[in-house]
Amino acid sequence: MIPHIMVQAVLQQSVSGFYTDLVTRPTGRAVRENIERELAPGTVAVMDFTGVGCLDYSCADEIVAKLVRDKVKVLLLRGLTEAHREAIQPVLAGAGLAVLCERDGVLEGLGASEPAPALLDELVERRLAARNPGGSIRFTAA
Amino acid sequence: MTRLVEVPTQFDDRSFDQFAAAYAQATDGERLLFDAHAAEWASPYGLVGLLAAGEAAARRGERPLLTAPANPDVVSYWARAGFFREAGDLFEVHGKVPRTKPAVESDVLLPVTPVRAAEDVHAVVSTIQQRASAILSSELGLDPKATMGFAMALSESCQNIVEHAGTGGWVAVQAYNWRRKLARRVVVIAVADAGVGFRHSLEPTQAKRFGERWGDAAALEAALIQGTSRFRDPGRGQGLAGIRRYLARWEGKVAIRSGTARIAIVPRWDDDLPLKDGLPAFPGSQVLLIIPEQESGGGSSKQ
C-alpha cells in the first residue's frame with residue numbers, strides 16, 4: 001500500500017500552535033522528520049498539500065527536495081496551489097530533482113525535466129499508473 | 001560621556017548612511033543619545049534600523065537614550081507603527097510618547113515586530129496574509145495569487161535573522177504613496193538586525209574563494225547574486241534567490257546593507273547603485289524590499 005501523507009496534519013503534529021503555513025527551516029525539518037518515520041527507503045509516496053497555506057522555499061527544500069534526494073523513489077504531490085508549485089519548482093530544478101504531481105487527473109513532472117520520464121515509467125512498471133490513449137499518464141493506485 | 005547620534009529628519013534607506021556615519025563615530029563605553037526630536041518622517045527601514053542601532057549601542061555600553069520626535073503627528077505615527085513598543089526595551093526614551101496601540105487597520109500592514117525564532121516568522125506570515133491581500137491586489141494591481149509569493153519573500157527575509165544573525169531583529173511592512181520617486185503606491189518590507197552580518201556569517205566557507213577581494217561587498221555579492229550560504233547543505237541559499245525571482249516578476253527592488261557595503265537589484269524605475277562599498281560601518285544586516293503598484297494593473301492609487 002502506498003503511504004498517503006496529509007501534510008497539513010503532519011504540520012499540526014510537528015509544531016506547537018495552530019499554523020497552516022509551511023515556513024522556516026526548523027518547521028520544515030520537523031515535518032520531514034515526522035514524515036520520514038513513516039516511510040521505508042526507496043518507496044513510492046503520495047503527499048497531499050490540501051489545507052497548506054504559504055509554502056516557502058526553505059520548507060520546499062527541507063521537505064520535498066530532501067525526501068526526494070534521500071528517502072523516496074517516487075514522490076507524487078497532490079493538492080498543490082500555483083503558489084506551492086512556484087516554491088517547489090525552482091528548488092527541485094536547482095538540485096536536478098523532480099517529483100510528479102496530478103493536474104486534471106494527469107501526472108506531470110515538477111522540477112528538473114530530465115528525471116521526470118523515469119519517474120513516470122517507474123509508476124507504470126509498478127502498475128500504479130497507466131497510459132491514457134493520448135499518451136498522458138494517470139495515477140491508478142488511489 | 002554621551003555622544004549625540006542625530007536621526008535624519010527624513011529617515012529612510014537613502015539617509016541611513018548619514019545616520020550610520022554618526023553611529024560609527026561612537027567608541028566603546030560611550031553612552032549614545034539618539035536624537036529624533038526633529039524627525040519629520042521615517043520609513044519602516046528607518047524605524048527597524050534605529051532599533052538595531054539601539055540594540056548594538058546597548059551591547060557596547062550603557063543603555064542608550066532616545067529623544068522622541070517633537071512633532072505630535074510624527075510621534076503618533078511612530079507609535080502606531082509599533083516602534084515605541086519595541087524601543088521601550090532598548091532605549092531610555094525621552095519626550096512625549098502617546099500610549100497608542102500599534103495600528104490594526106491602516107497602511108501599516110505589519111507594525112514593527114520582533115523576530116527571534118521560527119515561531120515569530122510563522123506569526124508574521126500569518127498576519128501578513130490576512131492584512132496584505134487586499135492592498136496587494138486592489139491597490140498595487142498585483143495578481144491575487146501574488147499575495148502568497150509576498151508572504152514567501154517576507155518569510156525568507158525574516159529567516160535571515162533567525163538563521164544567520166546570531167541575535168534577534170525586527171520586521172515592518174507598510175504601504176504608502178511614493179510620490180517623490182515613483183508617483184505610485186508601494187509596499188515596503190524592512191528587516192533589520194544588529195547581528196553578525198553577512199561577511200562574518202559567510203567567512204568560514206567563502207573567504208578563501210574570494211581571496212583579497214573578501215569583505216562586506218563580496219559577502220553580499222556571494223549571498224544575493226551567487227546564492228551561496230554558510231551551510232554546506234546543497235539546498236541552502238534558496239531564500240534570497242526566491243526573493244529575487246519574486247521581485248523580478250513584479251518589478252520590485254531588493255537592497256541589503258551589511259557592515260560597510262550595500263547591494264541592490266535595481267529595477268528600471270530606480271537609479272540606485274547596484275553595489276556600494278566603503279560605507280560607514282553599521283552592525284548586522286538591513287534588508288529592504290519594495291514592490292510597486294503595477295503600471296497596467298489598474299491599481300487605485302490614492303493621493
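**Exercise 1.** Is B:Glu251 buried, exposed or partly exposed, counting the other C-beta atoms within 10 Å?

*Solution.* Start with the cut-offs: a residue is buried if 20 or more other C-beta atoms lie within 10 Å of its own, exposed if 12 or fewer, and partly exposed in between, with C-beta atoms placed from the backbone. B:Glu251 has 16 other C-beta atoms within 10 Å, so B:Glu251 is partly exposed. Next, locate the residue: B:Glu251 is in the loop between α9 (238-249) and β10 (253-259) of chain B. Helices (H or I, at least four residues) and strands (E, at least two) are DSSP runs, numbered from the N terminus. Finally, look at the backbone: B:Glu251 is not a glycine, yet its phi is positive, near 55 degrees. Most residues other than glycine have a negative phi.

This is a predicted model, in which local features need pLDDT of at least 70 and side-chain atom pairs count only at pLDDT 80 or more, while totals for chains, interfaces and linings use all residues. Residues are numbered from 1 along each chain as its sequence is written, and chains are lettered from A and ligands numbered from 1 in the order in which they are written.

**Exercise 2.** Describe the build of chain A.

*Solution.* Begin with the elements: chain A has five helices and seven strands. Their order from the N terminus is β-α-α-β-α-β-α-β-β-α-β-β. Then take the dimensions: the C-alpha trace of chain A spans about 45 × 30 × 25 Å along its principal axes. The radius of gyration is taken over C-alpha atoms, and the globule rule is 2.2 Å times the number of residues to the power 0.38. For 142 residues a compact globule would have a value near 14 Å, and chain A agrees because its radius of gyration is 14 Å. Of these 142 residues, 45% count as buried.

**Exercise 3.** How do α2(B) and α4(B) lie relative to each other?

*Solution.* Axes are lines fitted to C-alpha atoms, for helices over the stretch in contact, and angles run from 0 to 180 degrees between N-to-C directions. Helix α2 (residues 44-60) and helix α4 (residues 83-90) of chain B pack at about 10 degrees, with their axes 10 Å apart. Angles under 35 degrees count as roughly parallel, over 145 as roughly antiparallel, 65 to 115 as roughly perpendicular and the rest as oblique. The two helices, α2(B) and α4(B), are therefore roughly parallel. Among the contact residues are B:Leu47 and B:Leu51 of α2(B), and B:Phe83 and B:Leu90 of α4(B); two residues are in contact if their C-beta atoms, placed from the backbone, lie within 7 Å.

**Exercise 4.** Which helix gives the most to the side of chain A that touches chain B?

*Solution.* The contact takes 23 residues from chain A and 23 residues from chain B. On the side of chain A, α2 (25-37), α3 (57-70) and α4 (82-95) each supply at least two residues. The most come from α4(A), with seven residues.

**Exercise 5.** Where in chain B is the pLDDT below 50?

*Solution.* pLDDT is the predictor's confidence in each residue, from 0 to 100. Chain B averages 88, and 94% of its residues score at least 70. The pLDDT is below 50 over residues 297-303 of chain B. Where pLDDT is low, the predicted coordinates should not be read in detail.
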